[in-house]
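Me: I'm new to this one and would like to learn how to read it. Could you walk me through a few features?

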Amino acid sequence: MNELCRRSATDLAQLIREKQASACEVLQAHLARIEQLNPTLNAIVTLIPDEAMAAAKRADEAQARGELLGPLHGLPIAHKDLVETNGIRTTFGSPIYQDHVPAEDAIIVERLRRAGAITIGKTNTPEFGAGSQTFNRVFGVTRNPYDFSKTCGGSSGGAAVALATGMVPIADGSDMGGSLRNPAAFCNVVGLRTAPGRVPSKALGLAWSPLSVLGPMARNSSDLGLLLSVMAGPDRRCPISIQQPGNIFAGPLHRDFRGVRIAWYRDLGGLPIDRRVRTVVDARRKVFEDLGCIVEDAEPDFIGVDEAFKTLRAFTFAAAFGELMQSRRPDFKDTIQWEVDRGSKLTALDIAGAESLHAAYWLRFQEFLTPYEFFVLPVTQVPPFDAGIPFVSEIEGVRMGSYIDWMKSCYYMSLAGNPAISVPAGFTQEGLPVGLQIVSRAEQEFSLLQLASAIENTVGVCTGNYLFP
C-alpha cells in the first residue's frame, strides 16, 4: 500500500487510466498512510474517509462504464483549510469558524472535483493564513517531517507535510507573503506562486488586489503542471482572471536552456540570510551552469518594497477583519490584531503612497528581467526553526522588527507579481531542507516548470526526497 503512496501523481493517474489500480485502492493506500503518520504530524485536520470512499467507488463505476476520465481521476486531495468546501468543515484556523460548514465550493475546488480528484479532507493552516508557521488554537501545531521539533512553515504547511510524507499526491495552497513557497522549502517539495489571476477566485473584498494568489503544490514539476492545468484558466467570477486556458501547462516540459541568461542574487538589498541557507543555495549555482545557462550576479533595486508590502498587507487585513474584530477581538491572535490595528490607522495618502511605491517597483522588476529570463534567490532566509516559537526574531545577529520580517526574501517577490517557484535545493548539515526560489518574467509559469524539470533531470534536486518510515 505504501508503494502507491510513493508514486507520483502523474504515475498514479496513468495506473488508474490503465486499470492497473483502482481509485478505491489508491484511496485506501493514502488513508492508511494518513492513519500511520498524521497523529504525529497533524497535517490533515478534517478527514472524511466515508465520503471519499463513496466518491472513489463512483469513479471506478464510471470508468467501468467507459465514461471519459478527467485528468485527476481518482487522485486523493486534501484542500487547504482556508478554501471553502461545500459540506466540509472549513475553519480558517480560527476559533470563530471552528464549526463553519460552507454551502458551496470555491472555484478551485469546483475545478479539482470536475477533473476527477477525490476530496479526503482539509489541511492545517495558521489562523487566517497569517504567518509562516502552521499552528492555531483549533487544531494545534503541524510538524516538519524531517525533524518533528521544527516547523513546516506556512501558511500552506499542512499541505506541504501531507505531500512530503505521501498522505496525498497533490495539494492546493495560497500565497501572499510566501505561503506556497516557504512550506515547500521547509518540507522539500515544490510550490508555485502563480501570477495574479492565473488561478481564479470569486470576487470578494479586495478582488483586484494582486497580493494573494492560489496555486499548486506537488513533489515534482510534472505533477505541478498536471495540477496547474486543472486549476488555471479564465472564470467570469474573477475580475483579474487571465484569459488563457489551463491546458497550456499540461504539455511536455523538455527544453534546452543553453544560452539562457539568469540573474543570481547578491544580498537582496542587505537582508540577513542564515549562513546555512546561503551555503546550500549557492552550491546549486553550478546546476544552472551545467545546463548551459549564463549565470550573472545581479538583482533589482528593492527600495520602498518593504514599506509598500507591509502597508498594503495591513490594509488587506483591516479590510478583511476590521469589522469582525470590533466584537471578537480576543478570538484573534495577537499578530492579526497588530495587522488590523495598523491597517485601521492608515490614511488615504498612506495607501496611495504604498501603491506608488508598488508601481515603481513593479516597473523596475520587469525592466530588470528584460535581459534575464530568470532571477534565482533563496526561498527563505532561515532553515526550519523550532515549532515552539511563533516566528523568527533574529537572523545572523540581526533583530527582526515584526513577525514577518524573516520572510522578506519571499514577499519581495510577491510584490513584483511575477510567478515564483520553490524547488528543493538540498539540506543543511543538520538534515533540514532548504529551498531554491526561481522567479520568471510576467505570467511565464510554464517556463518555471520547464526549468524545474531540467533541474530534476540533471541532478534530481526536486524529485521528492520525502520521508517514508
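Predicted model: local features only at pLDDT ≥ 70, side-chain atom pairs only at ≥ 80, totals over all residues.

Me: Let's start with helices. At what angle do the axes of α11 and α13 cross?

Reply: The general idea is to compare the directions of the two axes. Here helix α11 (residues 305–328) and helix α13 (residues 348–368) have axes that cross at roughly 130° and come within 8 Å. Angles of 65 to 115 degrees count as roughly perpendicular and those over 145 as roughly antiparallel, so α11 and α13 are oblique to each other. The crossing of α11 past α13 is left-handed.

Me: Which residues of α11 and α13 meet?

Reply: From α11 you'll find Val305, Glu307, Ala308, Thr311, Leu312 and Phe315. Across from them, α13 brings Asp350, Ile351, Ala354, Glu355, Leu357, His358, Tyr361 and Arg364. Sorted by class, that contact of α11 with α13 holds eight nonpolar, two polar and four charged residues.

Me: And how do α11 and α14 lie, oblique or perpendicular?

Reply: The axes of α11 and helix α14 (residues 408–416) come within 10 Å, crossing at roughly 80°. That makes α11 roughly perpendicular to α14. On the α11 side the contact uses Val305, Asp306, Ala308, Phe309, Lys310 and Leu312, and on the α14 side Lys408, Tyr411, Tyr412, Ser414 and Leu415. The classes in this contact of α11 with α14 are seven nonpolar, one polar and three charged. Val305, for one, takes part in the contact with α13 and in the contact with α14.

Me: Now the backbone. What should I look out for?

Reply: Most peptide bonds are trans, and most residues other than glycine have a negative phi. Exceptions deserve a look.

Me: Which residues does a cis peptide bond join?

Reply: Glycine 154 and serine 155, with omega about 10°. You can find serine 155 in the loop between β7 (147–151) and α6 (157–164).

Me: Where are phenylalanine 92 and leucine 268?

Reply: Both are in loops, and both have a positive phi without being glycine. Phenylalanine 92, with phi near 60°, is in the loop between β2 (76–80) and α5 (107–114). Its relative accessibility is 13%, so phenylalanine 92 counts as buried. Leucine 268, with phi of about 55°, sits in the loop between β11 (261–264) and α9 (275–283). Leucine 268 is buried too, at a relative accessible area of 1%.

Me: How many residues of α15 are buried?

Reply: Eleven of the 15 residues of α15 are buried, leaving the helix mostly covered. Among them are Leu448, Leu449, Leu451 and Ile455. As for its length, α15 (residues 445–459) reaches 21 Å from first C-alpha to last, close to the 21 Å expected at 1.5 Å a residue.

Me: Is threonine 335 buried or exposed?

Reply: Buried means under 20% relative accessible area, and threonine 335 has 10%, so it is buried. Threonine 335 belongs to helix α12 (residues 334–344). Leaving out residues up to four places away in sequence, threonine 335 touches Phe391 and Tyr403.

Me: And alanine 283, buried or exposed?

Reply: Alanine 283, in helix α9, is exposed, with a relative accessible area of 54%. Its C-alpha is separated by 8.6 Å from that of alanine 425, although alanine 283 and alanine 425 are 142 residues apart along the chain.

Definitions and conventions
Residues numbered from 1 in each chain as written. Heavy atoms only, no water. Axes fitted to C-alpha atoms, helices over the stretch in contact; angles between N-to-C directions. Helix = DSSP H or I, 4+ residues; strand = E, 2+ residues; numbered from the N terminus. Parallel < 35°, antiparallel > 145°, perpendicular 65-115°, else oblique. Left-handed = near helix turned anticlockwise from the far one by under 90°. Contact = heavy atoms within 4.5 Å. Nonpolar A, V, L, I, M, F, W, Y, C, P; charged D, E, K, R; others polar. Buried < 20%, exposed > 50% of the residue type's maximum accessible area, 1.4 Å probe, protein only. Expected span 1.5 Å × (residues − 1).
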